[in-house]
Amino acid sequence: MTMDIRFAGIDPDTDEDGCPTVWVDTETADLLIQGYDADKRTESTCDALSPARVPVPPGEAIVRIPKRMIPIIRKACDELDPGVR
């Protein structure tokens with residue numbers, strides 16, 4: 001089974017690890033993001049601020065994406081939903 005996933009962009013300052021990277025799943029209109037794991041302090045702060053009042057569950061993660069990736073995220077969103085602005 002093939003998936004309709006397209007590359008949207010990569011951090012222009014990436015090194016050989018290829019991170020962060022953004023793809024779009026055109027079937028589901030989901031963004032797929034490879035990023036850096038948040039540190040424990042950031043995770044604890046996000047847990048404390050979560051409206052759900054629970055820690056991030058197993059199988060989920062808080063991913064840090066640098067500010068310089070905003071244009072790539074916008075491009076990916078525009079590709080999935082060009083009428084929104």
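Q: What does the secondary structure of the protein chain come to?
A: In this predicted model, the protein chain has two helices and five strands, and along the sequence they follow the pattern β-β-β-β-α-β-α.

Q: And how many of the residues are buried, as a percentage?
A: Of the 85 residues in the protein chain, 21% are buried.

Q: Switching to charges, how many positive and negative side chains are there?
A: There are 10 positive and 17 negative side chains, and the centres of these two sets lie 9 Å apart.

Q: How many salt bridges does the structure hold?
A: The structure holds four salt bridges; one of them pairs Glu79 with Arg6, where the closest N and O atoms are 3.1 Å apart.

Q: What about Arg68, which residue does it form a salt bridge with?
A: Arg68 pairs with Asp11, with the closest N and O atoms 2.7 Å apart, and this links the loop between strand E5 and H2 to the loop between E1 and strand E2, 57 residues apart.

Q: Is Asp11 buried or exposed?
A: Asp11 counts as buried because its relative accessibility is 1%, whereas Arg68 is partly exposed, with a relative accessible area of 40%.

Q: Where do Glu43 and Lys40 lie?
A: Both lie in helix H1 (residues 40-49), three residues apart, which is about one turn of the helix, and their side chains meet in a salt bridge at 3.6 Å, N to O.

Q: Which residues do salt bridges with shared partners join into one network?
A: That network consists of Asp11, Asp13 and Arg68.

Technical notes
Residues are numbered from 1 along each chain as its sequence is written. This is a predicted model: local features need pLDDT of at least 70, side-chain atom pairs count only at pLDDT 80 or more; totals for chains, interfaces and linings use all residues. Side-chain values use heavy atoms; hydrogens and water are left out. Helices (H or I, at least four residues) and strands (E, at least two) are DSSP runs, numbered from the N terminus. Buried means under 20% relative accessible area, exposed over 50%, partly exposed in between (1.4 Å probe, protein chains only). Lys and Arg count as positive and Asp and Glu as negative; His and the chain ends are not counted. The place of a charge is taken as NZ of Lys, CZ of Arg, CG of Asp or CD of Glu.
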